[in-house]
Amino acid sequence: YSSSAWSDVAVIVPWVIYQIYGDRRILEENWKCMHEWVDYIRDHCGENRLWQNGFQYGDWLALDKEENSDRTGATDKYMIANAYYLYVTDLVRRTAEILGKFEEAEKYTYLYESTLDAFREEYYTGTGRIVSETQTGAVLSLHFGLAKEKDREQILRTLLSNIEDHKNHLATGFVGTPYLCHTLSENGAHEMAATLFMKEDYPSWLYEVNMGATTVWERWNSIKPDGTFDESGMNSLNHYAYGSIGDWMYRKVAGISQMEPGYKKFRIRPMFVKGIYSAGAEFESVYGKIKSEWECRNGKIRIHVEIPANTTAVICLPEKSEVLEMGSGSYDYEYETQTDLSYKRFTMDSTFESILQQPMAVQMFEQMAPGALDSPMVQMGKQMTMSELMQAAPQARPMFEAVLEALNQQEEF
């Protein structure tokens, strides 16, 4: 199948390898394959200059479409196809410039600009609304720079609203998930990215961990809460797609991100996550080991950075406005802070089901409201958040608050 995102590997992989290692030969060797893939898409576009025919995987295995038999998600599959068409066309344009192919660069620049105009006319309203106001639709609009600058703030609000409608959970599939947390962190919503990352109930990364996963699954629920396997007929327990969160952990949490190919110049900008008091990562670049470690606790922030020879690092210290540009060496910083990264695991955002998975909670409910858990209404309310339950049963608020407080106190010991 010549599906977007999957087949776009012909362009994306050589480009990413070049960014990591800084060796132009990977681009030279793959130039023909790269530009011919973009040419293939162009040749299959309609009169409106968009690719809107043929098979597409869409946002594969996204959770925002009710029809279980359709695995492509709710985001318009041709919007996804054209978003990626624009992405790889831009990469081919940039590759041509790097290789000194200036006529080709001009050609693909025109193709990109004209396709972007057609894309905006097809998939956005004049006021900036998206044809598919899904999490993935918003993420691609922002991350690939497809939306007009004046509409970006509204599209970010659309993304946040959609996440909130899903009880602060993701609903993205193979296409949207890799860029979801990056998009949030890069557009002033890092706290929401951290919230998604730290979720422990389905769907989330830590749900898999809590269910015993040692590899990343193909589906968010490859193993169900009762321990049984998903029986849809396609259920790999070792699948990379959602493992892409690791890139966000390196680039945002640890804060290591290249600014020039091969990490000749790179940025160190750690971003804190509530519930994580220290983090670090190291990367063996072609110039040597890059290391970033941080700790934030007891009123102190401590940062440790190692920069290899013949490279430059731009260091953005948390809560500091000054930007430091440093050469090779080892650097340590320590300063005071009012930031408290303590994370209450159980909150009003927790589902009733996640609370009932805690033996202490079950014991407390049985003591304060004997027999209440036997009601058939409990089963119906399991997917509700504690906040929703309190709205439905305000008289039970003191009991719910007492349970949450007890569970969080238990976590501290």
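Tutor: Let us begin with a cut-off: a residue is called buried under 20% relative accessible area, exposed over 50%, and partly exposed in between. Please also keep in mind that this is a predicted model.

Student: What makes the pair arginine 251 and aspartate 247 a salt bridge?

Tutor: The criterion asks for a side-chain nitrogen of Lys or Arg within 4 Å of a carboxyl oxygen of Asp or Glu, and the N to O distance for arginine 251 and aspartate 247 is 2.9 Å, so the pair is a salt bridge. The two residues are four residues apart in helix H10, and therefore separated by about one helical turn. Aspartate 247 is partly exposed, with a relative accessible area of 34%, whereas Arg251 is listed with the buried residues of H10, together with Ile245, Trp248, Lys252, Val253 and Ala254. After H10 comes glycine 255, whose phi is positive, near 90 degrees.

Student: How do you know that glutamate 282 and lysine 291 form a salt bridge?

Tutor: The closest N and O atoms of glutamate 282 and lysine 291 are 4.0 Å apart, and this value has to be set against the cut-off of 4 Å; the pair is counted as a salt bridge. In accessibility, glutamate 282 counts as partly exposed because its value is 41%, while lysine 291 counts as buried because its value is 16% and the buried class is under 20%.

Student: What makes glutamate 295 and arginine 297 a salt bridge, and are these residues buried or partly exposed?

Tutor: Their side chains meet at 2.8 Å, N to O, which is within the 4 Å that the definition asks for. Glutamate 295 is partly exposed at 24%, and arginine 297 is likewise counted as partly exposed at 33%. A search of the whole structure finds 25 salt bridges.

Student: Why is the phi of arginine 49 worth a remark?

Tutor: Most residues other than glycine have a negative phi, and most peptide bonds are trans. The phi of arginine 49 is near 70 degrees, which is positive in a residue other than glycine. Arginine 49 is found in the loop between helix H2 (25–43) and helix H3 (77–98), and its relative accessible area of 39% makes it partly exposed. Glutamate 319 also has a positive phi, near 70 degrees; its place is in the loop between strand S6 (312–316) and strand S7 (323–326), and it is partly exposed at 48%.

Student: How do you know that the bond between tyrosine 202 and proline 203 is cis?

Tutor: The omega of the peptide bond that joins tyrosine 202 and proline 203 is about -5 degrees, and the bond is cis. Proline 203 is found in the loop between helix H8 (190–198) and helix H9 (205–210).

Student: What describes the packing of H2 and H3?

Tutor: Two packed helices are described by the angle between their axes and the distance between the axes. For H2 and H3 the angle is about 145 degrees and the axes are 10 Å apart, and the crossing is left-handed. The contact includes Leu27, Trp31 and Met34 of H2, and Tyr85, Val88 and Thr89 of H3. Helix H12 (residues 359–368) and helix H15 (residues 397–411) pack at about 150 degrees, with axes 10 Å apart, and there H12 passes H15 in a right-handed crossing.

Key. Residues are numbered from 1 along each chain as its sequence is written. This is a predicted model: local features need pLDDT of at least 70, side-chain atom pairs count only at pLDDT 80 or more; totals for chains, interfaces and linings use all residues. Side-chain values use heavy atoms; hydrogens and water are left out. Buried means under 20% relative accessible area, exposed over 50%, partly exposed in between (1.4 Å probe, protein chains only). Axes are lines fitted to C-alpha atoms, for helices over the stretch in contact, and angles run from 0 to 180 degrees between N-to-C directions. A crossing is left-handed if the near helix is turned anticlockwise from the far one by less than a right angle, and right-handed if clockwise. Contact means heavy atoms within 4.5 Å.
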